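Subject: Structure for your review

Dear colleague,

Please find below the structure that I am handing over to you.

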Amino acid sequence: IYYNKAKKAKGKISGVNTAIANTEAEIEKLQKKKSVAIEKLEETQKKRNQKRKLKWFEKFRWCISRDGYMILAGRDAISNEQVVNKHSTNNDIYFHCDIHGAPSTVIQNTQGGEIPETTLYDAACLAGSYSSAWNDGFSSYDVYWVGMDQVSKTPQSGEFIKKGSFIIRGKRNYVRNVPLLIAIGIVQYDGNEHVMAGPVECIKVMCANYVIIKPGFTKKEAISKEILHIIDPEHKFMLDDV
């Protein structure tokens, strides 16, 4: 009986040794994968720690029009105030929508002279697309523009104006049924590369590889990852940039 048991046990030794060898090989593989993952994580962390310093205009919604004009729009009440009070002059043009939750948008006319119709249209597209009309699911919306001398913080007697809002006096020039579409691509501007979001025609002029988005239901983080993968195959930018 004991002889037979010993014989069986001896026969199993070969299988056990093979299993041990396979397990050790698998452990080695996993350790290599772990090392690669740690290296990638450390590299990502390093990139995050070395996050580039934002240019002043990147603190706002911004784009360069197809004619080369800077267009700025507020992200919230505070930046709406800054766009008008700190970054505009009497030569500039102000854009807004008749909807609660629209940004103060300005074309900076540093070149002087008359602003081209194409740039006026670009600014209207930006103002409409970054308004609450996007979240409300509109495909297009009406936007108006006025001269900066028509924009005021001084209410009539008995009126109240909240932070980030302005009073518009005089005639409004409407751009009707502006499409709510935003293109995103990597552009060369001011001696550096930037992720720029703006009207489709502006992005087309400045870069060949871009993505167009419209109002929808995909979560911001999920769509941002897709966009980054398409426009930045060399991994120069972070998800936050998109």
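Strands here are DSSP runs of E with at least two residues, numbered from the N terminus. In that numbering, glycine 191 lies in the loop between strand 9 (182-189) and strand 10 (192-198). Please note that the model is a predicted one.

Glycine 191 counts as exposed, because its relative accessibility is 72% and the cut-off for that class is over 50%. In sequence, glycine 191 is 119 residues from leucine 72, and the C-alpha atoms of the two are 19 Å apart in space.

Six strands form an open sheet in the order 1-2-4-3-5-8, and their pairing is antiparallel. Strand 1 (61-64) and strand 8 (173-179) are at the edges; each has a single partner strand, so one side of each lacks a neighbour in the sheet. On average, and with direction ignored, neighbouring strands are turned by 25° against each other. Within the sheet, four bridges join strand 3 (residues 93-96) to strand 5 (residues 140-147) in the antiparallel sense. Phenylalanine 95 stands opposite tryptophan 145 of strand 5.

Helix 3

Helix 3 (residues 117-129) packs on this sheet and touches strands 1, 2, 3, 4, 5 and 8. The direction of helix 3 makes about 65° with that of strand 8. Among the buried residues are Leu120, Asp122, Cys125 and Leu126.

The core and its surroundings

The largest nonpolar core has 57 residues, of which Tyr94, Phe95, Ile107 and Met196 touch the most other members. Helix 3 gives the most to this core, with six residues.

Which residues does tyrosine 94 contact, leaving aside its neighbours within four places in sequence? They include Val84, Ser104, Tyr144, Trp145, Phe166 and Ile168.

Serine 104 belongs to the loop between strand 3 and strand 4. Is serine 104 buried or exposed? Serine 104 is buried, with a relative accessible area of 0%. The side chains of serine 104 and tyrosine 94 make a polar contact at 2.9 Å. With neighbours within four places in sequence again left aside, serine 104 is in contact with residues including Leu72, Asn80, Phe95, His96 and Gly164.

Yours sincerely

Note on methods
Residues are numbered from 1 along each chain as its sequence is written. This is a predicted model: local features need pLDDT of at least 70, side-chain atom pairs count only at pLDDT 80 or more; totals for chains, interfaces and linings use all residues. Side-chain values use heavy atoms; hydrogens and water are left out. Two strands pair if DSSP finds at least two bridges between them. Axes are lines fitted to C-alpha atoms, for helices over the stretch in contact, and angles run from 0 to 180 degrees between N-to-C directions. Contact means heavy atoms within 4.5 Å. A nonpolar core is a set of buried Ala, Val, Leu, Ile, Met, Phe, Trp, Tyr and Cys residues joined through side-chain atoms within 4.5 Å. Buried means under 20% relative accessible area, exposed over 50%, partly exposed in between (1.4 Å probe, protein chains only). A polar contact is a pair of N or O atoms within 3.5 Å; within protein, one must be able to donate a hydrogen and the other to accept it, and residues adjacent in sequence count only if both atoms are side-chain atoms.
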